[in-house]
Amino acid sequence: MSKSGPIFKPGPISAKPLGILLNDVFAEAYAKQGFAARELVTRWAQIAGPEIAAHAEPLKMQWPRPVEGQPQEPATLVLRVEGPMALEIQHSADVILERVNRFFGWSAVGKLAFRQAPLSRPRGRKRPGPPDPKAVAKVAESLTDIEDEQLKTALARLGAAIKRN
């Protein structure tokens, strides 16, 4: 028997989460929009509350140029707001400012600016429930030519759902 070299056991796999690997990429993109921390964007619904977050989202932060010898002035948070809700969100400006500054832990944002535009994220659509069993039975009665019961039931459900919409 010939003697071969030492046998190496594979070590533990040190897979890193994708968020950690892409941290620098995202940090640079958010920094270009004036966000010092991306958590304001990623946790917007928790910070602003679900009512406000459903109709507004942070677009960018505009920081005034620092003046030598003067303390840093607070930033302006620019929010993208859906058209019909812009006035309501504007009336909630004090609440939004309070929540954002509480999140940062200091008065980072002094005022809000609004841009009316559709939100960038798609809204979650509510899935309709199953069609009414009476409507399904009524459609099934008209499907006399179909012999396969499973196919007949599926077509009846489809027909009832189409009629409902």
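This is a predicted model: local features need pLDDT of at least 70, side-chain atom pairs count only at pLDDT 80 or more; totals for chains, interfaces and linings use all residues.
**Entry 1: Trp44**

I started with Trp44 and asked what it touches once its neighbours within four places in sequence are left aside. My list reads Glu39, Gly49, Ile52, Ala53, Ala56, Glu57, Pro58, Leu77, Leu79, Ile96 and Val100.

**Entry 2: the cores**

Next I looked up the largest nonpolar core, which has 21 residues. Trp44 turned up again: along with Leu77, Ile96, Val100, Val109 and Leu112, it touches the most other members. Helices H4 (44-48), H5 (50-53), H6 (86-91) and H7 each supply at least two residues, and so do strands E1, E2 and E3.

**Entry 3: the whole chain**

I noted nine helices and three strands, and along the sequence they come as α-α-α-α-α-β-β-α-α-β-α-α. How many of the 165 residues count as buried, in percent? I got 26%. For contacts with a separation of 6 or more, I saw that 58% are between residues 24 or more positions apart. The accessible surface comes to about 12900 Å², and carbon and sulfur atoms own 56% of that.

**Entry 4: the sheet**

Now the strands. They form an open sheet in the order E1-E2-E3, and the pairing is mixed. Which strands stand at the edges? I wrote down E1 (56-62) and E3 (109-116); each has a single partner strand, so one side of each is left without a neighbour in the sheet. Ignoring direction, neighbouring strands are turned by 30° against each other on average.

I zoomed in on E2 (residues 75-81) and E3: they run parallel and are joined by seven bridges. Leu77 stands opposite Leu112 in E3, and I remembered both names from the core list. Helix H7 (residues 93-104) packs on this sheet and touches E1, E2 and E3. The direction of H7 makes about 125° with that of E3.

**Entry 5: Ala154**

Last stop, helix H9 (residues 149-164), where I picked out Ala154. Is Ala154 buried, partly exposed or exposed? Its relative accessibility is 33%, so I put Ala154 down as partly exposed.

Notes: Residues are numbered from 1 along each chain as its sequence is written. Side-chain values use heavy atoms; hydrogens and water are left out. Helices (H or I, at least four residues) and strands (E, at least two) are DSSP runs, numbered from the N terminus. Buried means under 20% relative accessible area, exposed over 50%, partly exposed in between (1.4 Å probe, protein chains only). Contact means heavy atoms within 4.5 Å. Accessible areas come from the Shrake-Rupley method with a 1.4 Å probe; for residues, only the protein chains shown count as cover. Two strands pair if DSSP finds at least two bridges between them. Axes are lines fitted to C-alpha atoms, for helices over the stretch in contact, and angles run from 0 to 180 degrees between N-to-C directions. A nonpolar core is a set of buried Ala, Val, Leu, Ile, Met, Phe, Trp, Tyr and Cys residues joined through side-chain atoms within 4.5 Å.
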